[in-house]
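Subject: Structure for you to look at

Hello,

Here is the structure I said I would pass on. Please open it beside this message, and read my notes below with both in view.

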Amino acid sequence: MNRISLNSHERKNLIQEIALYLFSKYADDKKLIKEKLAAYGITISIQRLRNRIIFTSFLEQQDDARLLLIQQGERIHSSIIANPSYSGIVATLHGPKKIFISHSIKDKVVVGKTIRILEEIGIKSSQIYCSSYEGYGTPLGENYLDVLKNELQGDVLVLFILSENFFNSKLCLSEMGATWILSQNQIPIYIPPFGPEQVKGVFPTTQGLNVNNRHQITTLKKRLERDFEISFTIDEVIWSQKLDDILNDINISIQPN
């Protein structure tokens with residue numbers, strides 16, 4: 001393993017970020033934290049996972065390279081940037097297996113068109129969680145918060161459908177806070193005229209896109225085909241025609257009344 005050195009401030013911050021992330025994401029099952037750490041060559045007893053303070057002290061005993069290995073492997077948001085030469089230590093980083101769509105119920109029409117785009121790309125309906133659509137959201141009789149935590153376990157790509165409606169909703173902002181902690185793979189999608197300048201600082205390192213931008217949607221398609229390992233891709237002529245139809249519907253729906 002390459003020799004990595006962090007200064008005391010970087011090391012302290014990284015340890016806190018790892019502890020917060022793992023304890024938030026796997027709060028209901030500490031055995032999952034134990035299994036996660038084992039994948040990075042770290043052995044820990046359940047007793048040391050009783051609370052975050054004890055766990056933080058345990059992390060302080062780990063070397064810098066091991067901490068960075070966890071950060072990179074779990075895609076934990078951090079001010080610490082791993083040395084480029086270090087990236088090869090992680091042998092495999094699995095792509096996302098699900099897509100979680102965070103949105104305002106008032107933008108349901110645009111969200112529905114977004115789901116159509118995802119499915120035309122090749123994402124299965126079973127891989128999409130969207131609370132406002134039957135079959136894609138919380139089953140009847142189940143607790144929304146419990147389902148939300150469950151859906152955000154593992155490798156999840158979160159698509160934030162952002163608008164004034166989103167930021168005017170306390171529920172959406174709470175959901176954003178939860179997903180920010182529990183998921184490390186996120187893309188903001190803006191509904192014009194709402195744009196990135198209105199959420200400056202919320203997604204400091206994430207490149208977003210406009211929901212009606214043809215070129216950007218095509219770029220997203222290529223990423224999803226790669227990340228979800230979609231082997232069968234739609235014919236480009238058919239894709240182009242279907243995308244034009246969907247984008248036309250989106251443009252109509254977002255026109256001011």
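The crossing of helices α5 and α9 is right-handed (right-handed means that the near helix is turned clockwise from the far one by less than a right angle, left-handed that it is turned anticlockwise). Helices (H or I, at least four residues) and strands (E, at least two) are DSSP runs, numbered from the N terminus.

Before going further, note that this is a predicted model, in which local features need pLDDT of at least 70 and side-chain atom pairs count only at pLDDT 80 or more, while totals for chains, interfaces and linings use all residues. Residues are numbered from 1 along each chain as its sequence is written, and side-chain values use heavy atoms, with hydrogens and water left out.

Back to the two helices. α5 and α9 (residues 214-227) pack at an angle of about 50 degrees, with their axes 10 Å apart; axes are lines fitted to C-alpha atoms, for helices over the stretch in contact, and angles run from 0 to 180 degrees between N-to-C directions. α5 is therefore oblique to α9 (under 35 degrees is roughly parallel, over 145 roughly antiparallel, 65 to 115 roughly perpendicular, and the rest oblique). From α5, Ile117, Leu118 and Ile121 meet Ile217, Lys221, Leu224 and Glu225 of α9, where contact means heavy atoms within 4.5 Å. By class, this contact has five nonpolar, no polar and two charged residues (Ala, Val, Leu, Ile, Met, Phe, Trp, Tyr, Cys and Pro count as nonpolar, Asp, Glu, Lys and Arg as charged, and the others, Gly among them, as polar).

Five strands form an open sheet in the order β2-β1-β3-β4-β5, with parallel pairing; two strands pair if DSSP finds at least two bridges between them. β2 (128-129) and β5 (209-210) are at the edges with a single partner strand each, so one side of each has no neighbour in the sheet. Helix α5 (residues 108-121) packs on the sheet and touches β1, β2 and β3. Five bridges join β1 (residues 98-102) to β3 (residues 156-162), and Phe100 stands opposite Val158 in β3.

β3 and β4 pair over six bridges, while β4 and β5 pair over two. Tyr190 of β4 is the bridge partner of Leu162 and also stands opposite Asn210 in β5. Six of the six residues of β4 are buried, so this strand is largely enclosed by the rest of the structure (buried is under 20% relative accessible area, exposed over 50%, partly exposed in between, with a 1.4 Å probe and protein chains only).

Two details concern the backbone. Most residues other than glycine have a negative phi, and most peptide bonds are trans. Glu229, which is not a glycine, has a positive phi of about 55 degrees; Glu229 lies in the loop between α9 and α10 (236-253). The peptide bond from Pro192 to Pro193 is cis, with omega near 10 degrees, and Pro193 is in the loop between β4 (185-190) and β5.

Regards
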